[in-house]
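Trainee: Please take me through this model. Start with the terms, then I will ask.

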Amino acid sequence: MIYLTSYSNEIIKQYISKKSKNPFATRVKGLLNAYGEYNGLCDVWYQLINDDITAYIVRYGGEFIADIYSGADFEEIINMCRIAGGNVLLCKKINMGGMVGDVMRLEKLNNSENKLEISLEFSENVNLYDYYDILKANQSESFSVPNFDDFYVDLNHRLRKNTAYILGLYKNNKLVSCCVATAVDKNSAVIAGVVTLPQYKKLGFGTAVVTELCKRLQHKNISDIFLQRDKNENLNFYKKIGFENVSEFEQILI
C-alpha cells in the first residue's frame with residue numbers, strides 16, 4: 001500500500017534525520033526541507049509492504065521523485081503517480097520503459113592546480129538573472145530552459161532554505177560559468193545546472209567551477225556528491241574532476 005502523509009509525520013521525520021545514501025534520497029529530502037511545510041505545494045507518500053517501507057515519493061509541480069528500496073512494487077508506484085497527476089517520475093533504474101542515464105559519484109576530487117587567468121574569481125553571490133542568461137545561451141534541442149519566473153522563485157527559495165548551493169566563476173566582473181547543487185542534505189548533494197557562456201567554453205572554466213564547488217561542499221562536511229548524466233554526454237569531463245559511474249537512473253513519462 002502507498003500512503004499519502006505529511007512533512008510532520010514521524011515516519012517522514014525519521015527518514016529525513018537519516019543520512020542520504022543515494023541522489024534520490026538527497027533530492028526527496030531537499031524538496032521536503034525546502035517545501036514540506038507548505039501544505040499542497042509539496043506532497044509526500046511512502047510505500048509499505050510486509051511492514052517494511054519500500055519507497056518514499058515526493059511530488060513538486062509536475063515531477064515525482066522516488067527513493068526506492070528492495071522489495072518495492074514498481075507498478076503500484078507508477079499507478080499512484082498517474083492517479084496523483086504529474087508529468088514524470090525520476091528514480092533509480094527500474095526498467096519501466098523510461099529514459100535511462102548514469103548516476104555519478106565523486107570518488108576522489110582532482111586537486112591538481114588549475115592555471116586560470118588571474119582576472120578570474122569565484123563567488124557564491126550569483127545574480128540569478130545572469131545565471132539564467134547563460135542557461136538561455138546554451139539552450140538547444142536536448143537542453144530546454146524553464147520559464148524564468150518558475151526558475152527564479154524555486155532556486156531562490158532553495159538557496160534561502162539552504163537546500164541548494166550555487167557558485168559562479170567571474171571574468172572581469174562578468175559571470176562566465178556557473179554550477180549549482182540543486183539538492184543539499186546533511187551529508188550529500190546533487191550537482192546540476194553546470195553551464196558556461198559559449199564563447200568561454202573549452203578554456204577550463206567549467207572544470208574549475210565544478211571542482212571549486214565540490215571543494216566548498218566538502219568543507220561543509222558533505223561527503224557524498226552526486227550528479228546525473230545522460231548516457232552520451234560529458235563522461236570524460238566529469239571523470240577528469242573525479243566522478244565515477246556508480247548506478248543508473250530512470251526518467252519515466254507518466
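Mentor: Helices (H or I, at least four residues) and strands (E, at least two) are DSSP runs, numbered from the N terminus. The model is predicted, so local features need pLDDT of at least 70 and side-chain atom pairs count only at pLDDT 80 or more, while totals for chains, interfaces and linings use all residues. Residues are numbered from 1 along each chain as its sequence is written, and side-chain values use heavy atoms, with hydrogens and water left out.

Trainee: Is Gly30 buried or exposed?
Mentor: Gly30 sits in helix H2. Buried means under 20% relative accessible area, exposed over 50%, partly exposed in between (1.4 Å probe, protein chains only). Gly30 has 3% relative accessibility, so Gly30 is buried.

Trainee: How are H2 and H5 oriented to each other?
Mentor: Axes are lines fitted to C-alpha atoms, for helices over the stretch in contact, and angles run from 0 to 180 degrees between N-to-C directions. Helix H2 (residues 23-35) packs on helix H5 (residues 148-160) at about 90°, with axes 9 Å apart. Angles under 35 degrees count as roughly parallel, over 145 as roughly antiparallel, 65 to 115 as roughly perpendicular and the rest as oblique. H2 and H5 are therefore roughly perpendicular.

Trainee: Which residues of H2 make that contact?
Mentor: Contact means heavy atoms within 4.5 Å. On the H5 side stand Val153, Asp154, His157 and Arg158. From H2 come Leu31, Ala34 and Tyr35.

Trainee: What handedness does the crossing of H4 and H5 have?
Mentor: Helix H4 (residues 128-137) and H5 pack at about 130°, with axes 11 Å apart. H4 and H5 are therefore oblique. A crossing is left-handed if the near helix is turned anticlockwise from the far one by less than a right angle, and right-handed if clockwise. The crossing of H4 and H5 is right-handed.

Trainee: Which strands are the edges of the sheet?
Mentor: Two strands pair if DSSP finds at least two bridges between them. The open sheet has 12 strands with mixed pairing, in the order S1-S2-S3-S4-S5-S12-S6-S11-S10-S9-S8-S7. The edge strands each pair on one side only: S1 (2-5) and S7 (120-123).

Trainee: How many bridges join S10 to S11?
Mentor: Strand S10 (residues 188-196) and strand S11 (residues 224-229) run parallel. Ile191 stands opposite Leu227 in S11. The number of bridges joining S10 to S11 is 4.
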